[in-house]
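Here is a short briefing on pockets, salt bridges and a surface patch. Keep the structure open as you read.

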Amino acid sequence: MCTQHKVTRRAALAGVAGLAATAMTAEPAAAHSGRGLRDLTHPLSETFPAFSPGEEAFRRTVTTVEDDGYYMQEWRIIEHIGTHVDAPGHFTAGGRLATELRPDELILPAVVVDIARRAARDPDAEVTIDDLREFERRHGRIPDGAAVLMYSGWGSRIGDANAYRGTDAAGTLHFPGFGTDACEWLLSRRRIRSLGVDTLSIDPGISETFDTHLALTGADRYGLENLAGLDRLPRTGATIFVGLIPYAGGSGGQARVLATW
């Protein structure tokens, strides 16, 4: 019995050492393979910019470890603040709601269309069909069923709600989004599953009719808004995982969005 234990322990230690050696030698190889993991989610707080002032999140401490033995908060939030999903039913009557989006719709290939330079000069910049064609000339065809994500650099403004909204003296909002023609082109030519943006809305801020929302949700597709870190993703080759909270009857809701490649 004693000898058997010694052999087993020795074998176990050798196995652990072998695994450690494998991990040490494998890590640099993984680093050079281009594999990555990125969180595309902004932390949600009371100061996170809302589309309209007054829609900000509210929280309070309900219990503490010191007084109650455990820590817990109460949150009051609308479904469309922070990094979140717009379900088809958000703009389309009878459209599917948060609980009706299937798992296979929430795990998607993703491409990133970069308009940051133009957006720095023009806060009303839109992703256009020309942008999409230029993207495909450089990076290849946008896969069918993909999420097409706009990177505008707008996340640098997120600490200042007025700057993030781009509010002018007349109260009009100014931030980039997808042009309706580009959305319709992607729906008909590439059969996309989702549009995503690093701004408050998939429509440009100046839009008063939300035509891109209407086109996207009318086609039974969903939007992703207030994404973070899109500049750290490859232009093609990533897969996103959308961890949508399944609110009952939800027009959308907060999501933890992760990307891997």
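The side chains of Asp144 and Arg141 meet in a salt bridge, with N and O 3.0 Å apart. A salt bridge here is a side-chain nitrogen of Lys or Arg within 4 Å of a carboxyl oxygen of Asp or Glu. The model is predicted: local features need pLDDT of at least 70, side-chain atom pairs count only at pLDDT 80 or more, and totals for chains, interfaces and linings use all residues. Residues are numbered from 1 along each chain as its sequence is written, and side-chain values use heavy atoms, with hydrogens and water left out.

**Salt bridges**

- The whole structure holds 16 salt bridges.
- Asp144 is partly exposed at 33% relative accessible area, and Arg141 is partly exposed at 49%. (Buried means under 20%, exposed over 50%, partly exposed in between, with a 1.4 Å probe and protein chains only.)
- Arg59 pairs with Glu46, their closest N and O atoms being 3.1 Å apart.
- Arg59 sits in strand E2 (residues 58-63) and Glu46 in the loop between strand E1 (37-39) and E2, so this pair ties together parts 13 residues apart in sequence. (Strands, E, of at least two residues and helices, H or I, of at least four are DSSP runs, numbered from the N terminus.)
- Asp104 and Arg102 form a salt bridge at 2.9 Å, N to O.
- Both belong to a salt-bridge network of Arg96, Arg102, Asp104, Glu105, Arg193 and Asp220.

**Pockets**

- The largest pocket has a volume of about 360 Å³. (On a 1 Å grid over the protein atoms alone, a pocket is an open set of points where a 1.4 Å probe fits, with protein on both sides within 12 Å along at least five of seven lines; lining residues have an atom within 4 Å of a point. Volume is the space filled by probe spheres set on the points, which are joined across faces, edges and corners.)
- Its lining has 14 residues, with Asp114, Ile115, Asp131, Glu134 and Arg138 nearest the centre.
- Helix H4 gives the most to this lining, with 5 residues.
- By class, the lining of the largest pocket has 5 nonpolar, 1 polar and 8 charged residues. (Ala, Val, Leu, Ile, Met, Phe, Trp, Tyr, Cys and Pro count as nonpolar, Asp, Glu, Lys and Arg as charged, and the others, Gly among them, as polar.)
- The second largest pocket holds about 210 Å³ of space.
- Its lining of 18 residues has Phe51, His80, His90, Leu200 and Glu225 closest to the centre.
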